[in-house]
Amino acid sequence: MAWVNAIIQGVLTGGLYALFACGLSLMFGVMKVVNLAHGDLAVVAGYVAIGVITVTHIPVLWSFLIVIPVMAVLGYVLQRTILQSALDRSVITTLLVTFGLSVVIENGLLQFFTANSRGLGSGLALVEDSFSIGPQIQIAYLLVVIFAVAVVVLLGLQYFLSGSKYGRLIRASADDTEAVQLAGADYRHVFGIAAAVAFATVALAGLAYGMYSQLDPTTGTDTILLFAFAAVVIGGLGSLWGTLLGGIVLGVAQQIGAQINLSDEVLAGYLVFLAILVLRPQGLTARRTQS
Amino acid sequence: MSLVTDTSTPPVAGFRVTRSRRSVAWTGVGALAVVVVLALFPYLVYSGTTTILVQAFIVLTLASMWNLLAGYAGLVSVGQQAFVGLGAYFVLILAIHGASPFAALPVAALGCGVAALPMWWLVSRLRSGYFAIATWVLAATIMLIIEKFSSIGGGTGMPLPGLAGLSPALLTAYTYWAGLAVTVVAMAAVYVLLRGRLGLVLTAIRDDEVAARSSGARVGLARLLVFVVAGAGCGAAGALLAISQLQVQPSAVFSVQWTAEMAFATIIGGLGTIEGPIIGTAVYIVLQQTLASYNAWYLIVLGLVAIVVALYARRGIWGLVDTHLSVRLFPVGYWLRTPGDVDRRSVRDV
């Protein structure tokens, strides 16, 4: 029964990891930017929410209505300024710049807010309550809600990218910036919008993790970036639903690892990631090999 | 290859291909003099200064290796702390078994070079940005595995044994000389590698990977070699770190901060130039010493400067010097001398 519980918990945390991975996947898929500051920006979103709540005393969930748009605007601005200028130079420059950002953000948070970890929404029924199935399985409402949010976000992204007019423009810009430019659209603005969408999901990921666990300055890289990346690679690069599958595989691997030895939770996830890298470098869902 | 290396008989009268505008000899003499003076430092300066210099040696060695990876081979690794940590642990394990930590240092470097092979096999499956994060995950994985062994200190680490017999003054001096030796060997290795055939391939990759591939350069093999050399170099730096700290702690030696420091020093000094890491390390040490009492601020300032430099001065400080003065301390390119011998008309970095 403990094993069944581990698998159920793993699948549900997989939703959280898929949420981590959305923004990373989207930024890479459209702009070919691997954003090494991805996780740190998610932590920033969490800290902004904590700040907004402390100052205005609004309910936790209401603060999301402020934080997510703020992060989306930040995404647009960052993309139009330093990320675009890095892209204009070379792929390596985007890596150097986002790595620099990551270190600056992490140490900045450490400097201004200390290494103390903080949570979001403690005391909230949504965060604290759980329901049980049988004597041994206890499921937190929050995890179910996060999983549902992840599925909704993935569905929304899928619809946005394949169904909407703007989504088509984004995919066209991802394929060929010059052709898009010739057709009369400003691909830089389109990239900005894509970054805004990606940053909104990044914000959501940071907020979700802040409620699920605790945020501290190193959470961004140690947990969010590396888990997001592992989920992306396990699932298959460039596939949104693969990301969900990757997140679930990672989550289940971690929970089973924790079941064997409590301190091996993270290691078990990474070992599965490395095994996938060896056996199926194109990921679980991708058909073609990575070019 | 023979076309460019055959400098003895000029094909056209008056044209000459040389390694640098001036004779390389004085650079060699200058480098030797610098090394000799540095070697005498323990007799000349306070131990506080040599301690700072040991830190500089560590950063310079790391930056030179990272420069080889990112500046020439196009491999942006953010997981080089894996080798820093492994180097430190190799020294610790050998010291526990009775070896002198100083004798263990070259073994640690060699061990890290060997460890780089399976690691390359894993991470080379991914490209550019995903390669970067994969190295990071790999470093985290190695740390988590090492933390499982309580005989080498588990998650908390342990002090480095085997150096208690030395007097503090002697230990400081030995550590300093070991640091100097590591740095000189690392810099010399980078210089020799880049001057040779591998250097031509790497410079071609640096300038245009697709063109290099289509000209028949064995890009994959060159990258594997660079990854192994960088692994050994970072391992030596990690071994040096263990000796200078007298303590090996997993979260400290496997910290991504090492990669941040080597990357920022390289970017600021000049990515893709041998001189760059030296300048960058100097900037790093000055900033770190000035802002020492403000915790992580030196890293924040370094990071911001590195971002600006990466965007607006791609060849860093040394690149600016080079553009305006055409100076090379380590000539690895070729210069074409025309009959009129106008110095500035030259073929740069063939």
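**View 1. The predicted complex and the confidence assigned to chain B.** For the complex, the predictor gives an ipTM of 0.91 together with a pTM of 0.90. Chain B has a mean pLDDT of 86, and 87% of its residues reach 70 or more. Two stretches of chain B stay under 50 in pLDDT: residues 1–7, for which the model has 6 contacts beyond four places in sequence, and residues 342–350, for which it has 14 such contacts. Where pLDDT is low, the predicted coordinates should not be read in detail.

**View 2. The side of chain A that touches chain B.** Contact between the chains involves 36 residues of chain A and 33 residues of chain B. On the chain A side, the elements that give two or more residues are α3 (60–89), α4 (91–113), α10 (219–235) and α12 (265–279). Of these, α4(A) gives the most, with 15 residues. By residue class, this side of chain A divides into 28 nonpolar, 7 polar and 1 charged.

**View 3. Helices α7 and α10 of chain B.** The axes of α7(B), residues 168–195, and α10(B), residues 219–245, come within 10 Å and cross at roughly 170°. Because angles over 145 degrees count as roughly antiparallel, α7(B) is roughly antiparallel to α10(B). From α7(B), the contact is made by Thr175(B), Ala178(B), Gly179(B), Val182(B), Ala186(B), Ala189(B) and Leu193(B), while α10(B) contributes Val229(B), Gly233(B), Ala236(B), Ala237(B), Leu240(B), Ile243(B) and Ser244(B). The residues of this contact comprise 10 nonpolar, 4 polar and no charged.

**View 4. Helices α1 and α11 of chain A.** The axis of α1(A) and that of α11(A), residues 240–260, come within 6 Å and cross at roughly 140°. This angle makes α1(A) oblique to α11(A), and the crossing of the two helices is right-handed. The residues of the contact of α1(A) with α11(A) divide into 15 nonpolar, 13 polar and no charged.

**View 5. The surroundings of Val201(B).** Val201(B) lies in helix α8 of chain B, which covers residues 197–207. This residue counts as buried because 23 C-beta neighbours lie inside 10 Å, where the cut-off for a buried residue is 20 or more. Leaving aside neighbours within four places in sequence, Val201(B) is in contact with Ala212(B), Ala217(B), Arg218(B) and Ala222(B). For Ala217(B), the separation from Val201(B) is 16 residues in sequence and 6.0 Å in space, C-alpha to C-alpha.

**View 6. Positive phi at Lys32(A) and Thr114(A).** Most residues other than glycine have a negative phi. Lys32(A), although not a glycine, has a positive phi of about 60°, and Thr114(A), likewise not a glycine, has a positive phi of about 60°. Lys32(A) is placed in the loop between α1 (2–31) and α2 (38–56) of chain A, whereas Thr114(A) lies in the loop between α4 and α5 (125–128) of chain A. With 13 other C-beta atoms within 10 Å, Lys32(A) is partly exposed. Thr114(A) counts as exposed because its C-beta neighbours inside 10 Å number 11, and the cut-off for an exposed residue is 12 or fewer.

Methods: Residues are numbered from 1 along each chain as its sequence is written. Chains are lettered from A and ligands numbered from 1 in the order in which they are written. This is a predicted model: local features need pLDDT of at least 70, side-chain atom pairs count only at pLDDT 80 or more; totals for chains, interfaces and linings use all residues. Axes are lines fitted to C-alpha atoms, for helices over the stretch in contact, and angles run from 0 to 180 degrees between N-to-C directions. Helices (H or I, at least four residues) and strands (E, at least two) are DSSP runs, numbered from the N terminus. Angles under 35 degrees count as roughly parallel, over 145 as roughly antiparallel, 65 to 115 as roughly perpendicular and the rest as oblique. Two residues are in contact if their C-beta atoms, placed from the backbone, lie within 7 Å. Ala, Val, Leu, Ile, Met, Phe, Trp, Tyr, Cys and Pro count as nonpolar, Asp, Glu, Lys and Arg as charged, and the others, Gly among them, as polar. pLDDT is the predictor's confidence in each residue, from 0 to 100. A crossing is left-handed if the near helix is turned anticlockwise from the far one by less than a right angle, and right-handed if clockwise.
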